[in-house]
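Visitor: I would like to go through this model with you and ask, for each label, what stands behind it.
Guide: Gladly; let us look at it together.

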Amino acid sequence: MQKVKIPITLHPGKAAQHRLKYDGIVPLEKLTRLEKVVQEEVGEIAVKIHCKNDDQGFAVIRGNLSTHVTVICQRCNGDLGLDLVQDFVYSPVGEDTELDIFPEDYDEVALDENGEVNIFNLIEDELILAIPLVATHNEASCSYSAKPASFGVLKAEDDKPNPFDILKQLKKDS
């Protein structure tokens, strides 16, 4: 399949009716929320999208995406490269959709005022969710040192009398 430009928005009903397929690349700089999570600001996300109607008549946006991003290791504060691969299945939900018959395998996506879905927002959400909450290197390759870090020297405290020594004396006297 030839690489095509991934549209920013998509009308899911029309796309499903025409069984549209997209295989292309989304530049990382177009996803501003993801840029705040990752270290690099340039890169590409390989995206494949297939739109169709399922057996129940729901419009389905199915696809996968893959990319390589760099985040900060939460253990050593070094750069950590992550290969993110994510599959997704969405179906648009309108006000008249009965949620009790909505398939559990599909994630719901709301339509905008024009009846379209923002594909770039879906891609960005999927990538943000694919990044681990606490991203760390494996222990063998992490440069974290178990040696305690010292940030200064504490002054030795003067020997002060214990205020409870008086109570000990009273207990002995009684």
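Visitor: What percentage of the residues in the protein are buried?
Guide: Of the 174 residues in the protein, 33% are buried, where buried means under 20% relative accessible area, exposed means over 50%, and partly exposed lies in between, with a 1.4 Å probe and protein chains only. This is a predicted model, in which local features need pLDDT of at least 70 and side-chain atom pairs count only at pLDDT 80 or more, while totals for chains, interfaces and linings use all residues. Residues are numbered from 1 along each chain as its sequence is written, and side-chain values use heavy atoms, with hydrogens and water left out.

Visitor: How many helices and strands are there, and in what order do the elements run?
Guide: The protein has 4 helices and 7 strands, where helices (H or I, at least four residues) and strands (E, at least two) are DSSP runs numbered from the N terminus. From that terminus on, the order is β-α-β-α-β-β-β-β-β-α-α.

Visitor: What makes the strands β2, β3, β4, β5 and β6 a sheet with mixed pairing?
Guide: Two strands pair if DSSP finds at least two bridges between them. β4 and β5 are joined by 12 bridges and run antiparallel, whereas β5 and β6 (residues 107-110) pair in the parallel sense over 4 bridges. The open sheet of 5 strands has the order β2-β3-β4-β5-β6, with mixed pairing.

Visitor: Why are β2 and β6 called edge strands?
Guide: β2 and β6 each pair on one side only, and that is what the name edge strand records. On average, neighbouring strands of this sheet are turned by 35 degrees against each other, direction ignored.

Visitor: How do you know that the length of helix α3 agrees with its number of residues?
Guide: The expected span of a helix is 1.5 Å times one less than its number of residues. Helix α3 (residues 119-130) has 12 residues and should therefore span 16 Å, and its end C-alpha atoms are 17 Å apart, which agrees. At the start of α3, a side-chain oxygen of Asn-118 comes within 3.1 Å of the backbone nitrogen of Phe-120.

Visitor: Why is Glu-124 called buried?
Guide: The relative accessibility of Glu-124 is 4%, so this residue counts as buried. Glu-124 is in helix α3, and the buried residues of that helix also include Ile-119, Phe-120 and Leu-122.

Visitor: What does the side chain of Glu-124 reach?
Guide: The side chain of Glu-124 reaches the backbone nitrogen of Thr-32 at 3.2 Å. Not counting residues up to four places away in sequence, Glu-124 touches Leu-31, Thr-32, Arg-33 and Leu-34, where contact means heavy atoms within 4.5 Å.

Visitor: Which residues touch the most other members of the largest nonpolar core?
Guide: They are Ile-49 and Ile-123, in a core of 33 residues. A nonpolar core is a set of buried Ala, Val, Leu, Ile, Met, Phe, Trp, Tyr and Cys residues joined through side-chain atoms within 4.5 Å. The elements that give two or more residues to this core are β2 (21-27), β3 (44-53), β4 (59-72), β5 (79-93) and α3. Another core, of 6 residues, lies apart from it and has Val-60, Val-89, Val-93 and Tyr-106 among its members.

Visitor: Why is Asn-77 called exposed?
Guide: Asn-77 has 62% relative accessibility and therefore counts as exposed. Asn-77 lies in the loop between β4 and β5, and has a positive phi of about 65 degrees although it is not a glycine. Most residues other than glycine have a negative phi.

Visitor: Where is Arg-19 found, and is this residue buried or exposed?
Guide: Arg-19 is found in the loop between α1 and β2, and at 53% relative accessibility Arg-19 counts as exposed. Arg-19 has a positive phi of about 50 degrees, although it is not a glycine.

Note on methods. Polar contact = N/O pair within 3.5 Å; in protein donor to acceptor, adjacent residues only side chain to side chain. Axes fitted to C-alpha atoms, helices over the stretch in contact; angles between N-to-C directions.
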